[in-house]
Every structure is written in structure tokens, then in C-alpha cells.
Amino acid sequence: MMQIYTIATRAFLPPKDDLFDLLDESVTDLRDGDVLCISSKIVAIHQGRCLKIDSSIDKDELIAKEAERFVPRSRVPGALAILTMKEHTLIASAGIDESNGNGFYILWPEHPYAAAREVWSHLRKGRNIENIGVIFTDSHTMPLRSGVTGISIGFAGFYPVDSYIGKNDIFGRPFSMSRTNVVDAVAAAAVLHMGEGSEQTPLAIVRGVPHLRFTTDDTSGDLLIDPEVDIYRPLLECFEDAGEK
């Protein structure tokens with residue numbers, strides 16, 4: 001049975017703090033086979049991806065600069081947000097956030113998949129654990145649904161997708177397409193426990209994850225789909241390339 005244990009930590013302070021120190025002091029019961037979920041916000045603070053909020057910064061210009069592709073605010077109902085694509089993810093505002101930022105804009109982490117592997121290596125070496133997963137999580141809105149859920153923006157240590165192709169359903173019919181997105185399912189469950197407000201639990205250990213296969217290979221390519229061949233391409237075509245800003 002899958003179990004989730006959130007970890008309360010000290011305040012992680014922008015504009016820059018040390019994630020590895022935080023992990024060493026806060027994660028005391030990591031076991032072989034666990035997945036450690038880490039809020040992307042504290043990864044960004046670790047990287048110094050913070051800008052002091054003041055009148056000289058135009059947030060919309062900052063969002064457009066950070067985005068890879070975007071839909072202008074003027075095209076969004078109520079002008080509520082700038083929709084963006086970044087790191088193979090549809091996200092509002094290029095992931096830039098002010099909540100729990102203590103007066104700073106917190107940008108998204110740079111190179112999140114490479115950064116996740118750095119954390120994964122640190123945990124394996126420091127704790128003598130062979131099989132461990134790392135997921136960087138963030139909150140994410142879903143079209144036609146109210147509220148946010150968790151999503152992964154970087155991971156390491158395991159295969160993100162489990163395939164049913166070639167297996168039979170309960171009536172013996174073989175699956176030809178069905179696959180389970182393990183990494184985002186775990187991220188969603190972890191973020192639900194980690195919370196969105198003042199909980200101060202930016203870390204969560206997920207234990208007993210079904211369909212999980214560990215590996216030392218870089219498996220990010222197993223999850224990501226080229227937008228040009230994605231079945232949602234007709235919807236993605238409304239995004240403008242960042243070079244057109």
C-alpha cells in the first residue's frame with residue numbers, strides 16, 4: 001500500500017538557500033525503494049532563481065521572458081493569466097510565483113531534470129541507498145477543472161511510465177496503447193499532502209509506489225512528447241513562440 005509522509009522543515013529563505021543542507025537535516029528516514037518529492041519552489045531558491053518584487057519589474061514582461069511559448073493575457077478570459085509552455089509543461093505564468101516568497105518572485109528551476117539527478121546522486125551517495133526516486137513537484141491547473149493538482153517538472157531514478165501494451169484486460173483483450181504516467185500520479189498525491197499554504201512541508205516521502213521500476217539511466221525522454229506529434233497539437237497551436245514576443 002502506498003504511504004505518504006510529509007516533512008516539516010525550517011523556513012527556506014529566498015533569495016538563496018542550500019537545498020542539500022536542508023535535505024541532510026530534515027530527511028531522516030529515507031529507505032531503499034522510496035521516492036522523495038521536493039517542491040520546485042525550494043529548488044528554485046537553492047538555485048538563486050529569485051527576484052525582489054519592486055516597481056522596476058513588469059511581471060508580464062518577466063513571464064514572457066521566462067516562457068518558451070505563450071498565449072498573451074489579452075486572449076485569456078478575464079485577462080487572469082498568461083498561459084505558457086515551459087520545460088514540456090503547460091503552466092500559468094511560466095511557473096513564476098509570489099506565494100511564500102517573502103517579497104520575491106520565485107522563478108522556475110533551471111534545467112530541472114539535471115537538477116533532479118544531482119539531488120538523486122546526493123541522496124544515494126550520502127545514505128548508501130541504491131534504489132531511490134526524486135521528483136520535483138509544482139501546482140498545476142487542468143483545463144475544464146477547478147483547483148490545482150500536483151505535477152512533476154523534473155525527476156530521476158526510475159521509469160516514469162508503466163506500459164500495459166501486450167497485456168490483457170479482464171476479458172482477455174490485449175492492450176495496444178494504454179500506459180500509466182507514474183511520475184505525475186505520484187506528484188499529484190504528494191502535493192495533496194504537502195499542501196498549498198502555510199504548512200511548511202515542502203518535502204514528502206512516498207513509500208510503496210505501485211508500478212515503479214528503478215534505474216540509474218536518464219529516463220526523462222520516456223515521459224516527454226514532442227509537441228509536433230502530440231494529440232493535443234491543434235490546441236497547442238494557439239501558443240506563440242517566444243521569439244515572436
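Of the 245 residues of the protein chain, 44% count as buried, where buried means under 20% relative accessible area, exposed over 50% and partly exposed in between, with a 1.4 Å probe and protein chains only. The model is predicted, with local features requiring pLDDT of at least 70 and side-chain atom pairs pLDDT 80 or more, while totals for chains, interfaces and linings use all residues. Residues are numbered from 1 along each chain as its sequence is written, and side-chain values use heavy atoms, without hydrogens or water.

The protein chain holds six helices and 13 strands; these are DSSP runs numbered from the N terminus, helices being H or I of at least four residues and strands E of at least two.

Strand β8 (residues 133-141) has seven of its nine residues buried, so the rest of the structure largely encloses it. Strands count as paired if DSSP finds at least two bridges between them. Strand β2 (residues 35-39) pairs with β8 in the parallel sense over five bridges, and Val 35 has Gly 133 as its bridge partner in β8. Strand β9 (residues 148-156) runs antiparallel to β8 and is joined to it by eight bridges, with Thr 137 opposite Ser 152 of β9. Six residues lie between the strands in the hairpin of β8 and β9, where Leu 144 takes a positive phi near 70°.

In soluble globular proteins, nonpolar side chains tend to be buried together. A nonpolar core is here a set of buried Ala, Val, Leu, Ile, Met, Phe, Trp, Tyr and Cys residues joined through side-chain atoms within 4.5 Å. The largest such core has 32 residues, of which Leu 23, Ile 38 and Phe 136 touch the most other members. Elements giving two or more residues to this core include β2, β8, β9 and α4 (112-127); α4 gives the most, with five residues. Beyond its neighbours within four places in sequence, Ile 38 is in contact with residues including Leu 23, Val 119, Phe 136 and Leu 203, contact meaning heavy atoms within 4.5 Å. A second, separate core of 20 residues includes Ile 4, Val 161, Ala 190 and Val 206.

Helix α3 (residues 59-66) has Leu 62, Ile 63, Ala 64 and Glu 66 as its buried residues. These buried residues pack against β3 (50-52), β5 (83-86) and β7 (104-106).
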